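This report covers helix packing, ligand surroundings and some backbone details of one model.

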Amino acid sequence: MKFGVRLRFLTLVVASAAAPAAAPQSLRQAADSAGVLVGTAVRPSQFPEARYTATLAREFNMVEPEDAMKWWVLHPAADRFDFGPADEVVRFAKAHNMKVRGHCLVWGRDNPAWLTQGHFTPDQLSRLLREHIVTTLKHYEGDVFAWDVVNEALDENGEVRDSIWYNQPGVGLAGKATAYIEQAFRWAHEADPRALLFYNEAGGEGLGRKSDAIYAMVKDFKHRGVPIDGVGLQLHVQKVALDCEAIAANIARLTALGVQVHITELDVSLPVGSDGELVRNDDLQRQAEIYRGVVRACLQNPGCTAIQTWGFTDKYSWIGSSSHHSRGSALPFSRDYQPKPAYDAILRELSSAKKRPQ
Ligand code: XIL
C-alpha cells in the first residue's frame, strides 16, 4: 500500500469510528437498535396496495391481524376453520422478518352468529372453545410468538363481564369469577407451551378499579402457577391529556409480578367534522405528546417489551366507523402515508432509548 493510500485509508477508518451512529430512518430501525418491538394491526385485504405494504415493512418489526384471527374470520362455521386471511399476514411477516402477535382467542364480541345464536350448553361451549384454542395454536405454532388469549373480560368496576364464555351460558364456570379465564390460559399453554400468553384489556391502563382487578388476577394466576406471561394494555386514547405517570406506575407493578407488558392497540383519536377534517389543527401536537408519553412510559421499563399501534395510516382505522365518523386522524401516518407529528414523537423516543439486552 502506498503511503498516500494508506493515510487515506487510515483517515477513513478513524473518521468512521468517530462518526456518531446515523440517526434511525424508521421506527423499525430505531426499535431494532433499542431492542424493542414496534408493531401495528394489519388488514390483509390491503396487502395489494403497494404504499400500504411498503410503509408496513419499512416501519414495523411486528404485526397483528386486526380482525383476521378473530372467531368470525377463523371459524366461520362450527365444522370449518378458515386460516386463509391470517395465513397471509403470517406469510407477509415471514417475508419481511417480522414477529406476529395473535389476537384473540376468547372475547365476548366479534363472534360468529352460529356460535352466539347456537343455543349451546356449557358443556358443548367448553368443548368448542377448547377445540378452537387448540386448533388455532397448533396451526400457528412457531409462527405466532404471543397470543391475546382473553380479551376485555372485565368491566369498568373490575367485575367479570357477562359473556357467552363466562355466564351466558358460559363454559361451565359461571359465577366463578376469573376461573374461565384461567381455563383458557391452561388450554392455550397445553396447545403451544412456547407461545407467550397475554391477557389484553381496554381502559385499565392507568391506576383505578379496572387495573387493580387486572393486577389482582395476574398476581393470583402467578401465585398459583397459571400460565400467563403478559398483560396487553390497549390504549385507545380519546382524552386531550393522559396521565402517563399512572400508566408507568401500572406497568411497574405488573412487571414486578414477573409478566411482560405490551402496549397493544395504541391510537389517539381526535374530533373531526362531517368533512372528515380535524376540528382543531393544534390537536396534532397534543396527539404527538400523548404518543410520546405512552412510548416513554413503556421504554422506561425493561419489562414493557412491545409498542403497537392499532393500524398505522388514517386511511384505514376502526375509529371512523366506531365513532360514527365524529372522530378520526388517530394514527401516526396521514391518509396519504405522510408521517404526522405523532410519528416524529415516537421515532424520537425510540431513537433515544437505551439499548436493552436481547
Ligand atoms: C376492532 C377492529 O379494529 C375493527 O376492524 C372491528 O370491526 C372491530 O374490532 N379492542 C380490540 C380490537 O381488542 O379487537 C378491536 O378491533 C378494537 C377494540
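Is the crossing of α10 and α11 left-handed or right-handed? The crossing of these two helices is right-handed. The model is a predicted one.

**Helix packing**

Two packed helices are described by the angle between their axes and the distance between the axes. Helix α10 covers residues 244-255 and helix α11 covers residues 283-299; their axes are 9 Å apart and meet at an angle of about 25 degrees. Because angles under 35 degrees count as roughly parallel, α10 and α11 are roughly parallel to each other. On the α10 side the contact is formed by Cys244, Ile247, Ala248 and Ile251, and on the α11 side by Gly293, Val294, Ala297 and Cys298. Sorted by class, the contact of α10 with α11 holds seven nonpolar residues, one polar residue and no charged residues.

Helix α11 also packs against α13, at an angle of about 25 degrees and with the axes 8 Å apart. The angle is therefore one that makes α11 and α13 roughly parallel to each other. The crossing of α11 with α13 is right-handed. From α11, the residues in this contact are Leu284, Gln285, Gln287, Ala288, Tyr291, Arg292, Val295, Arg296 and Leu299, and they meet Pro341, Ala342, Ala345, Ile346, Arg348, Glu349 and Leu350 of α13. The contact of α11 with α13 divides into 10 nonpolar, two polar and four charged residues.

Helix α13 (residues 341-351) has a further partner in helix α2 (residues 27-34): the axes of α2 and α13 come within 8 Å and cross at roughly 25 degrees. Helices α2 and α13 are therefore roughly parallel to each other. The crossing of α2 and α13 is left-handed. In this contact, Leu27, Ala30, Ala31 and Ala34 belong to α2, while Tyr343, Ile346, Leu347, Leu350 and Ser351 belong to α13. The classes in the contact of α2 with α13 are eight nonpolar, one polar and no charged residues.

**Ligand surroundings**

How many residues surround the ligand? The ligand is surrounded by 13 residues, and the closest are Glu66, Asp67, Lys70, His103 and Glu265.

| Residue | Ligand atom | Distance |
|---|---|---|
| Lys70 | oxygen | 2.8 Å |
| His103 | oxygen | 2.7 Å |
| Gln234 | oxygen | 3.3 Å |

**Backbone details**

Most residues other than glycine have a negative phi, and most peptide bonds are trans. His103, one of the closest residues to the ligand, is joined to Cys104 by a cis peptide bond with omega of about -10 degrees. Cys104 is part of strand β3, which spans residues 99-106.

Another cis peptide bond lies between Gln168 and Pro169, where omega is about 0 degrees. Pro169 sits in the loop between β4 (144-151) and α8 (179-191).

His119 is a residue other than glycine with a positive phi, near 50 degrees. The location of His119 is the loop between α6 (113-116) and α7 (122-139).

**Thr305**

Where is Thr305 placed? Thr305 belongs to strand β10, which runs over residues 304-309. Leaving out residues up to four places away in sequence, Thr305 touches Val36, Leu37, Gln260, Val261, His262, Cys298 and Arg356. Among them, His262 has a side chain that makes a polar contact of 3.1 Å with the side chain of Thr305. Cys298, also touched by Thr305, is one of the α11 residues that meet α10.

How values were computed:
Residues numbered from 1 in each chain as written. Predicted model: local features only at pLDDT ≥ 70, side-chain atom pairs only at ≥ 80, totals over all residues. Heavy atoms only, no water. Axes fitted to C-alpha atoms, helices over the stretch in contact; angles between N-to-C directions. Helix = DSSP H or I, 4+ residues; strand = E, 2+ residues; numbered from the N terminus. Parallel < 35°, antiparallel > 145°, perpendicular 65-115°, else oblique. Left-handed = near helix turned anticlockwise from the far one by under 90°. Contact = heavy atoms within 4.5 Å. Nonpolar A, V, L, I, M, F, W, Y, C, P; charged D, E, K, R; others polar. Near = heavy atom within 4 Å. Polar contact = N/O pair within 3.5 Å; in protein donor to acceptor, adjacent residues only side chain to side chain.
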